[in-house]
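Me: I am new to this structure. Please show me how to read it, feature by feature.

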Amino acid sequence: MPTHDSAAPLTIGFDIGGTNTRAGVVDASGTVVDTVSTTTPEDEDGLVHAIVELVEQLRRRHHPVAAVGVAVAGFLDPACEVVRFAPHLPWRDNEPVRDILQEELELPVRLEHDANSAAWGEYRFGAAKDTDTWVLFAIGTGIGATLMHHGEIYRGSFGTAPEFGHLTVVPEGRACSCGKRGCLERYASGTALVDTAVEIAERGGFEGCGLYRRVVDKRASGNSVVAAARNGDALALATMDHFAQWLGQGLSIVCDVLDPELIVLGGGVSQDADLFLDTARTKMEAGVVGSGFRPTPRLETAELGAQAGMIGVADLARDLA
């Protein structure tokens with residue numbers, strides 16, 4: 001088990017997904033000291049009970065926990081006290097989650113959006129240390145995003161900024177679950193890979209590819225596209241190039257609007273960034289206004305991996321200890 005500074009308070013960070021809920025004890029240096037996990041319950045009472053039980057498990061292991069942070073994939077109010085809507089969790093109607101958990105746990109609780117939590121982790125302990133103005137692009141099932149400026153998370157007037165994944169890049173394009181069409185995350189996310197592979201396959205010329213048969217049989221997934229690309233499958237490589245081009249275009253829009261010093265790519269898809277990073281960077285730099293005479297942001301991958309949100313929200317909770 002990793003050692004930690006016993007003089008600094010320990011906190012717990014929660015990463016609550018639609019399938020699994022993970023909790024980790026995190027010290028002041030950002031080290032994950034211990035972890036536990038469980039299946040995410042489908043009802044509100046069950047989820048609260050699961051959070052309490054995981055905290056108790058960690059405390060029984062003799063961790064003197066001073067506060068708890070919870071990273072939520074959903075919309076929060078600007079004060080980070082109420083979960084307005086979490087599409088994959090049972091908190092869906094302005095639930096006062098922070099107060100509920102504080103009462104049950106008898107500990108201070110900090111709520112935060114999951115992308116913001118990951119961004120804070122990268123800012124404090126990872127790829128964005130000592131960076132004033134930067135953006136996190138968390139690429140997974142969709143696209144989560146965070147803007148940080150001088151050590152502060154920018155939330156907008158109503159707590160929902162920034163939604164880069166729902167920039168319209170293709171007017172009347174692919175339908176998005178948000179209700180719009182042509183959103184960036186419908187072309188540059190893990191779930192978009194299959195749709196792109198289908199569209200390219202329908203144009204013909206890839207019938208001899210292994211991925212083509214999976215696409216025709218409707219057995220393709222984002223993971224299978226990536227795996228096929230690593231094996232040199234031509235259809236998969238064309239799909240990854242399409243993904244990279246759209247990602248680069250989306251990033252160039254962010255550069256034009258915000259002019260960040262750094263963009264960090266996080267989320268599950270970033271683990272395979274070697275397949276698309278160079279192409280996305282080239283597309284981004286070419287698309288930025290004035291790219292011939294102005295600096296463009298550094299484009300890097302996250303350093304903390306899947307633990308970024310847990311580490312980040314535990315660190316934010318430490319201010320309450």
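Reply: Start with a charged pair. Arg230 and Asp274 form a salt bridge, with their closest N and O atoms 2.7 Å apart. A salt bridge is a side-chain nitrogen of Lys or Arg within 4 Å of a carboxyl oxygen of Asp or Glu. Arg230 belongs to helix α6 (residues 222-230), while Asp274 is in the loop between β11 and α8 (277-287), so the pair links distant parts of the chain, 44 residues apart. Helices (H or I, at least four residues) and strands (E, at least two) are DSSP runs, numbered from the N terminus.

Me: What should I know about the model and its numbering?

Reply: The model is predicted: local features need pLDDT of at least 70, side-chain atom pairs count only at pLDDT 80 or more, and totals for chains, interfaces and linings use all residues. Residues are numbered from 1 along each chain as its sequence is written, and side-chain values use heavy atoms, leaving out hydrogens and water.

Me: How many salt bridges does the structure hold?

Reply: It holds 20. One of them joins the side chains of Glu81 and Arg98 (3.5 Å, N to O). Glu81 lies in the loop between β5 (75-76) and β6 (83-85) and Arg98 in helix α2 (residues 97-105), so this pair ties together parts 17 residues apart in sequence. Glu81 is partly exposed at 30%, and so is Arg98 at 22%. Another salt bridge joins Arg318 to Asp315, with the closest N and O atoms 3.0 Å apart. Here Arg318 is buried at 12%, and Asp315 is buried at 6%. Shared partners also build a network of Glu81, Arg98 and Asp99.

Me: How do I read a pair of aromatic rings?

Reply: Use the distance of the centres and the angle of the planes. Rings of Phe, Tyr and Trp (its six-membered ring) pair if their centres lie within 6.5 Å; planes under 30 degrees apart count as stacked, over 60 as edge-to-face and the rest as tilted. A search of the whole structure finds four such pairs. In one of them, Trp120 and Tyr123 have ring centres 5.5 Å apart and planes at 50°, so the pair is tilted. These two residues are three apart in helix α3 (residues 114-125), about one helical turn. Trp120 is buried at 14%.

Me: What about Phe137 and Phe164?

Reply: Their ring centres are 5.7 Å apart and their planes at 5°, so this pair is stacked. Phe137 sits in strand β8 (residues 133-139), and Phe164 in the loop between β10 (152-153) and α4 (192-202), 27 residues apart. Both are buried, Phe137 at 0% and Phe164 at 10%.

Me: How do strands form a sheet?

Reply: Strands pair through backbone hydrogen bonds, either parallel or antiparallel. Two strands count as paired if DSSP finds at least two bridges between them. Five strands form an open sheet here, in the order β10-β9-β8-β11-β12, with mixed pairing. Its edge strands are β10 and β12 (298-301), each pairing on one side only. Five bridges join β8 to strand β11 (residues 262-266), and the two run parallel. Leu136 stands opposite Val264 in β11.

Me: Which strand pairs with β1 in the antiparallel sense?

Reply: Strand β2 (residues 20-26) does, over six bridges. β1 and β2 form a hairpin with three residues between them.

Terms used: Buried means under 20% relative accessible area, exposed over 50%, partly exposed in between (1.4 Å probe, protein chains only).
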